[in-house]
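This report goes through selected side-chain and interface features of the structure shown below.

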Amino acid sequence: MLRRPTINAVVAQPAQLAPGPAPKIALNDVNFFYGASQALFKVNLQIPANQVTAFIGPSGCGKSTLLRCLNRLNDLIEGARVEGKLLLDGMDMYGPHVDVTDLRKRVGMVFQKSNPFPKPIYDNVAYGPRLQGARDRSALDAIVEESLKGAGLWEEVKDRLHASALSLSGGQQQRLCIARALAVKPDILLMDEPCSALDPIATAKIEELLFDLKKELTVIIVTHNMQQAARVSDHTGFFLMGELVEFSDTKTIFTTPKDRRTEDYVTGRFG
Amino acid sequence: MHRHFDDELQSLKEQILRMGGLAEEQVQGALRALVERDSDLARKIIENDRQVNTLDVAIDEDCLRLLALQQPTARDLRFITTAMKISTELERISDLSENICERAIELNEEPQLKPYIDIPRMANWALKMVKDALDAFVNHDAELARKVCRDDDFVDDLTHQLFRELMSFMVENPQTITRAIRITFIAKYLERIADHATNVAELVVYLVEGKIIRHTHG
């Protein structure tokens, strides 16, 4: 197992980060292991509701691992183990009575590579609600329309809802995946490099979307594109070798970071 | 890892220093033109202001280019935005030197009102502030920068002292009013030069510590 010195993250006072309401997600001393190798070290973090929080850091720093802890996607990996407390609205996400399916309904996810089902656009979006038992046609129509509007795709596809999702462009497919995630009305949307396969225009559309989405839900985005984090997020966490080095409001991270390692990373002096 | 960007930042820093050196020379020259009653020198200093203006524009263009193309962050961002503002301050210092020269040319056409004692003191003090502020910029020395901010009080005191003295000249003998007012202007210009040095020093504190201290006397 890797051994490394304990380095305390520079974490702004929680009161500064979450004025008023309690954090949407709170992590207390979270460790994560892939078998014997530790991927996250004592992560402490409070994610405010209805804001965009970005995780940045070099490849292998643990940011995606942490993201996947938040909807227990890592449960599917053999030998994976989580320690510490992960609270969603104060509820222990790894508690004994938690229904993982229910949790994942509340915590939606969009991946780097868009992964629409090889089905019509309409069925992609209606998939989740149908799985939950929705059968009423007009109710489903309403959910599909609302979700596609929420994902900024409605105007482009409203006349061809029954065309295959695979006929859409890459950027449209990604927004379809966002609509599919929105259809089950999640509280939280996790986005793992959602724009890295998209051209600048498709990327800009998704980034603009985030400003609307955060009115309804809490967004956590992992990105390699620092300018993207700077543009869209309210708070940014910088990870390095499994540690949360610094977590603060985005403006501070990109203008006056406290930790030298954060400074070196955001100025491109790293390596 | 070497960054090409670092070479650009270094060259920007050198341009600021070149401009700072020119601005200092302008103040020194203006003072000499006044004290030595050398109107030719005054005209030369006025002419030299153009060089400072040219550098001001060049620095602005460089900063804008770096902001647009490099999308700098953190200390790089602070450095570039600070450089842009410092260049404006230095340009103003040179303008004020030009104003001193204009008043000096006018004064040189009349008999000297009184020996220049407080004016050179003020000028040297203001110059030291400019020099210290630029040193603080080069060495990322927030401590020295804060000292410059404190030094400004002394120039303010000297200005008031000089005002009182010139006022008494004017009350005693109205014939002196034109000259006394011109000298008063010069004192005000020097006081402004010290203010610009203070602004540079405040910018250096922001550059080093990320703290905005202007308007706070911090």
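## Aromatic pairs and contacts

A:Phe55 is buried, at a relative accessible area of 0%; buried means under 20% relative accessible area, exposed over 50%, and partly exposed in between, with a 1.4 Å probe and protein chains only. The model is predicted, local features need pLDDT of at least 70, side-chain atom pairs count only at pLDDT 80 or more, and totals for chains, interfaces and linings use all residues. Residues are numbered from 1 along each chain as its sequence is written, chains are lettered from A and ligands numbered from 1 in the order in which they are written, and side-chain values use heavy atoms, with hydrogens and water left out.

Over all chains there are 7 aromatic pairs. Rings of Phe, Tyr and Trp (its six-membered ring) pair if their centres lie within 6.5 Å; planes under 30 degrees apart count as stacked, over 60 as edge-to-face and the rest as tilted. The ring centres of A:Phe55 and A:Phe239 are 5.1 Å apart and the planes stand at 65°, so this pair is edge-to-face. A:Phe55 belongs to strand S4 (residues 52–56) of chain A and A:Phe239 to strand S10 (residues 235–240) of chain A, so the pair ties together parts that are 184 residues apart in sequence. Helices (H or I, at least four residues) and strands (E, at least two) are DSSP runs, numbered from the N terminus. A:Phe239 is also buried, with a relative accessible area of 0%.

A:Phe117 and A:Tyr127 form a tilted pair, with 4.5 Å from centre to centre and 45° between the planes. A:Phe117 is in the loop between strand S7 (107–110) and helix H4 (121–131) of chain A, while A:Tyr127 is in helix H4 of chain A, 10 residues apart. A:Phe117 is partly exposed at 25% relative accessibility, and A:Tyr127 is partly exposed at 34%.

Two arginines sit over rings, as listed here. The criterion is NZ of Lys or CZ of Arg within 6 Å of the ring centre and within 35 degrees of the ring normal.

| Arginine | Ring | Distance to ring centre |
|---|---|---|
| A:Arg81 | A:Phe33 | 4.1 Å |
| A:Arg180 | A:Phe117 | 4.3 Å |

## Interface between the chains

In chain B, 12 residues are in contact (heavy atoms within 4.5 Å) with 14 residues of chain A. The buried area between chain B and chain A is about 1,100 Å², and carbon and sulfur atoms give 42% of that; buried area is the accessible area (1.4 Å probe) that two parts lose on being put together, summed over both.

Between chain B and chain A there are 4 salt bridges, each a side-chain nitrogen of Lys or Arg within 4 Å of a carboxyl oxygen of Asp or Glu. One salt bridge joins A:Asp264 and B:Arg75, with the closest N and O atoms 3.1 Å apart.

A:Gln172 lies in helix H7 (residues 170–182) of chain A and is buried, with a relative accessible area of 12%. Leaving aside neighbours within four places in sequence, A:Gln172 is in contact with A:Leu153, A:Glu156 and A:Arg160.

Most residues other than glycine have a negative phi. A:Asn50, not a glycine, has a positive phi of about 55°. A:Asn50 is in the loop between strand S3 (37–47) and S4 of chain A. A:Glu193 likewise has a positive phi, of about 50°, and counts as buried at 7% relative accessibility.
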